[in-house]
Structures are given as C-alpha cells and as structure tokens.
Amino acid sequence: MKILIVSDTHGRCYYLERVLKRVGPMDLMIHLGDMEGEEQYIQTIANCPVEMVSGNNDFFSDAPRDKFIQIGKYYVMLTHGHRYGVNYGVEQIKETAFLEGADIVMFGHTHQPLIDLSDEKIYAINPGSITQPRQLGRKPSFILMEIDRFGEAHFTLNYEESQ
C-alpha cells in the first residue's frame, strides 16, 4: 500500500500536481490541512481516495479538525496540529494521540518535515509544506508511507524541486 502525505498547500496546488505525476498511482492521499478552499480540486486530481482535516486557515471547510483512520494494522490520528502546540514540540500531540489509542499521529502546521519514530508507543509524522517550506533549504516536501508485505509501515521524506 502506497500513501502520499501532504500538508499546507495554502490554495496553491502546483507542486502537488507535479508530485502526483511523479510518484505515480497511490492507494490513498492524506492532506493535513490548510487547503484554503481547494478541497474539491485536490480530491479531483488525486485519482485515489483522499482523507483531509482542516487547518487554521481553512475557515469555511467542512473537513473535521481531527480524524482517526485505520491504515493496515495502524490506528492513525490526522490533525493539522495548531491546537496541540506543535510549534513548541511534539509531546502534547503525541500524548493526545496515544490517549486516543493511536499508533501514529500525522500533522502539519509547522511547515517543517518530521519523521519521529523514536517513541515505541507512537510515531509522529509531519510532511512539512508542499508550497511554503520553512526548513533549511526551503524545498517543498512530502512524505510517502508504504506498508510492506509484512504489514509494517515505512516513511520516506521527499522533496520537490522548486522552479
């Protein structure tokens, strides 16, 4: 199973369109908020099921703030992250997700990618921003999650070259 994880497109889908063409068919796409009115368009171009949550800039979105989904053997919390203090660390969001029974928490908001597999209780995943990156080098980023034939999750941080 191949899953594309993105966040913070902020109404601009240019890099998302490029990534979708580059990475090929997906089984699922996850968008972690700040779509800014592009929800329908994102669902149209994905060519696969899409799970979305609203972010702090999604004022008129019907998407939920938090969502729990099952991916293989993993129970996953999806959220934008702004209500969990993610600009100051991942402890609060990990604790909240753990108390809800999640194995993985996926969030955005910081515009900085993170794959934190250090805690055996819960993984924290942030794809960064595909349009407004803030990490060193400022390259648009996304994460590919793959479930292998043994049911184990693997995460790969990827960058899209900006033009």
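**Group meeting: helix H2 and the sheet beside it**

Okay, let's start with the packing: the buried residues of H2 sit against helix H1 (14-23), strand E2 (28-31) and strand E3 (50-52). By contact I mean heavy atoms within 4.5 Å, and buried means under 20% relative accessible area, exposed over 50%, with a 1.4 Å probe and protein chains only. Helices (H or I, at least four residues) and strands (E, at least two) are DSSP runs, numbered from the N terminus.

This is a predicted model, where local features need pLDDT of at least 70, side-chain atom pairs count only at pLDDT 80 or more, and totals for chains, interfaces and linings use all residues. Residues are numbered from 1 along each chain as its sequence is written, and side-chain values use heavy atoms, leaving out hydrogens and water.

So which residues of H2 are buried? In H2, residues 39-46, they're Glu39, Ile42, Ile45 and Ala46. They lie on the same side of H2 because they cover an arc of only 135° around the axis, taking directions from the helix axis to the C-beta atoms. Just after H2, Asn47 has a positive phi of about 55°.

Now the sheet: it's open, with five strands in the order E3-E2-E1-E9-E10 and mixed pairing. Two strands pair if DSSP finds at least two bridges between them. E3 and strand E10 (153-159) are at the edges, each with a single partner strand, so one side of each has no neighbour in the sheet. Strand E9 (residues 141-147) pairs with E10 in the antiparallel sense, over seven bridges, and Glu146 is opposite His154 in E10.
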